[in-house]
Amino acid sequence: MKKLRKEDSLESVLSSISNKIRIEILKLINREGPLSFTEIMEKLQMDPKIHAGKFGYHLKMLNEAGLIASDESTGKYYLTSLGQEVSNFIYNIEDFVNKKKSEMLVRTSSLTIEPFDRKKIVEALVREANMPRRLADSISKEAEERLKKSQIKYLTAALIREFVNAILLEKGLEEYRHVLTRLGQPVYDVTITIKNTAKLGDPSPEIIHSIAGNSVLEEYMLLKVLPRTIADAHLCGMIHLNNANYWVLRPANIFHDIRLILNDKISINDFVLPYPNKPITFKEALFMVNALLKQTMSYVSVAQSIPFFNIFLAPFAKGVDEKEIKKLFREFIFNLNLILGCHIPKVSFELEFGIPDFLENVKCIGVDGKQYTYGDFFDESIRIYNILIEVLSETDGISKPLLNPALFIKIRKKGKLLDKFYEILVRTCQLARKWGNVYFINQEIPWQTENVSYNLDLSRVDSISNWEYDTIRVGVLDNVTINLPRIAYEAKGDDERLKEKLYEIMEIAIEALNIKKQVMEEMIFIDGIIPLFKKNVNGSSYFRLKTSPGIISYVGLFEALKYHTGNSISEDNSALKLAKDLISIIADCCSKASIRVLPSSMVSEPVSKRLLNLDIKYGYIKPKDILYYTECSNLPLYLAIELKTRLKIEEEFQKLTKGGHLFDFRLEEPFPTEEVLANYTKRIIETTQLGIFTFTRSYTYCWKCKTISYGTHIRCPNCGYDGDKLAVYTKVYGRNKPSIFWNQEEKDFIAISKSFIL
Ligand SMILES: [Zn+2]
């Protein structure tokens, strides 16, 4: 290279960049790194046949000015350190000039219009994707060049992001693109949501808002929160993450301890709710319960439960006459259904026949301010029980049922004197046969512990060390469902492989719940997004995260075994044994997990249709091979077998699924009388191993003539109406729901569900 004098050198540098092509060459090498003679020509869209001579001259100028040099081994031109400086300088001037000229205007996500600024891309790449600044700089320059060339008329921040992401993909920088991507819905999908919302049972602008939000948060979970192995397991249908839209936001349910709000130990949300004094009357106590349920509604995905409802409330009923209690309960129930909607149960109360042993001597404060024990309020607890049952048997002003709360009746050792409580049992069965919104929990059988509680998604928690610590102020974190037929397809008839596959999936499912727990910990205790759950009660938080379990459920046990062994578990003992082995493996893995995980046969949303469709899509089975995967029970509801046999098999699985189960007696009309039902309930409790069961009676409500007709009707027996305001109420996936709110999966569920005769 020719040696230049200092004063010549500046002049030569400046004159070398006073040409458009030479500027482009410097910028190009700055962006893309060393390039050969022909590469540069191609990228600048110059024809080597025509322009080679002239182009050589430009390169020579840059070379002589000391801005570029060529590498002899590769023949490529690179920027010298002076060339690097000068090309950056050119970019800076360009940025400055562009801004002044406002050459490209951008509509930003914060709803402003600003001149294009390349540096914002650099900052975003560094901040969001942790990209080295040098690489970010070169990507941003390329994006700017391309945007300019494309002459886009309507430039938005989202579009720039798409542009940058495309460049990252082209350059094989996929990992960076992964974190930079945007979440959300195509414009078309949002339009469709808006157009279709009126077809839902209870349309509202809020629903559109939540559907749009769901899609963002579900994608967020899959992209950012879960490792790819777990996200892929969900996407390919090996597992199903229930409540995916809320996975990163809240637990599935909660079991409250209302003593804390009744005794004024914690406040609910005194910023926004009207706040009374410490409740001293029955009316104030009910007000507080309502406030608690309302506040917590948005903190859980599925449901809330209040264990010991009639016991913890009992001190407030002391000295209050029956009429008054009834009046207040009516108001309370109406308000509750006003807040939650009366069509789908979202809240359940657990009622007890008397005071359990472990509560008998627990201290409580009476409305007179004196100290008592709960044992002192036996009479009040029974009075509350009876009146609540009576009030819930009523309807609203247009004869439809109020389905909040559902009642979970706990029958304990003391209740062994069922005869003593026989009348109460009959009254309870009267409510059960009226609305079907009652569940019976059998605490008597050996595998139940001192205290168990079931929530409305039929998940179950039990006391391991302590009735209080393990069963109240806890909540189910979430539910991960295992696709059992999938492992059967992959095992190809080999028992050992079948079990091996199950172990593999269990590892993934447990890890997913592990992550959910960490997410909840961050949400509640670091980010402070659920203030009530963080509230301090004697040194620990209201929500006991440590003992709150994750649930692992399954679908298609029946179909998996049928495929694997060729036999039905209802007929073949060795198939049944293998089925029990599989559920035992699930239970065993759960018990060995580092966090509390419980096995369950209940899903909290329709799951199996999605998993079945994915098994078809990936070629495991053909479309008409199998029509359903059984969910929420072990034997399909369409199976025509004796009730006795069904009971015998289901009770064995209930014992293995300590995280949730249900036996649903779907009974035909004419429905048994309350006495028959009460005697039957007594017999089930005394002679079977069922932990929880319910009686389901379907009924049809006509919005036209406002009457209820028992049974499933497509035409109102009273007025003949047959339009879409005729709703069938029955249990779907274990919970009451009128047909106008059923989705396709729920319709299918009902279509295959058979009723029994007692
Ligand atoms: Zn009618």
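**A sheet and a zinc site**

Author: Tyrosine 701 stands opposite alanine 727 in strand 25. This is a predicted model, where local features need pLDDT of at least 70, side-chain atom pairs count only at pLDDT 80 or more, and totals for chains, interfaces and linings use all residues. Residues are numbered from 1 along each chain as its sequence is written, and side-chain values use heavy atoms, with hydrogens and water left out.

Reader: How many bridges pair strand 23 with strand 25?

Author: Strands (E, at least two residues) and helices (H or I, at least four) are DSSP runs, numbered from the N terminus. Two strands pair if DSSP finds at least two bridges between them. Strand 23 and strand 25 run antiparallel, and their bridges number four.

Reader: What is the strand order of the open sheet?

Author: The sheet has four strands with antiparallel pairing, in the order 24-23-25-26. Strand 24 and strand 26 (735-738) pair on one side only, as edge strands. Axes here are lines fitted to C-alpha atoms, for helices over the stretch in contact, and angles run from 0 to 180 degrees between N-to-C directions. Neighbouring strands are turned against each other by an average of 25°, direction ignored, within the order 24-23-25-26.

Reader: Which residue in strand 26 is the bridge partner of threonine 730?

Author: Strand 25 and strand 26 are antiparallel and joined by four bridges. Valine 732 stands opposite arginine 735. For threonine 730, the partner in strand 26 is lysine 737.

Reader: Which residue in the turn of the hairpin has a positive phi?

Author: The hairpin is formed by strand 25 and strand 26, with two residues between them. A positive phi of about 50° belongs to tyrosine 733.

Reader: Which helix packs on the sheet and touches strand 25 and strand 26?

Author: Contact means heavy atoms within 4.5 Å. Its direction makes about 75° with that of strand 25. The helix spans residues 744-752 and is helix 30.

Reader: Why is strand 25 largely enclosed by the rest of the structure?

Author: Buried means under 20% relative accessible area, exposed over 50%, and partly exposed in between (1.4 Å probe, protein chains only). Leu726, Val728, Thr730 and Val732 point one way, while Ala727, Tyr729 and Lys731 point the other way. Strand 25 is largely enclosed because its buried residues number seven of seven.

Reader: Which residues coordinate the zinc ion?

Author: Donors are N, O and S atoms within 2.8 Å of the metal (3.2 Å for Na, K and Ca); water is not among the atoms, so sites may look incomplete. The donors follow the spacing C-x2-C-x10-C-x2-C along the chain. At 2.2 to 2.3 Å, the SG atoms come from Cys702, Cys705, Cys716 and Cys719.

Reader: What is the geometry at the site of the zinc ion?

Author: Four donors count as tetrahedral if all angles lie between 85 and 135 degrees. The angles among the four donor atoms are 107 to 111°. The site of the zinc ion is tetrahedral.

Reader: Is cysteine 716 buried or exposed?

Author: Cysteine 705 is partly exposed, with 23% relative accessible area. Cysteine 716 has a relative accessibility of 3%, so cysteine 716 counts as buried.

Reader: What is the relative accessibility of threonine 694?

Author: Threonine 694 lies in strand 22 (residues 692-696). Among the residues that threonine 694 touches, not counting those up to four places away in sequence, are Gly436, Phe663 and Lys731. Threonine 694 counts as buried, and its relative accessibility is 0%.

Notes
Tetrahedral: all angles 85-135°; square planar, octahedral: opposite > 155°, others 65-115°.
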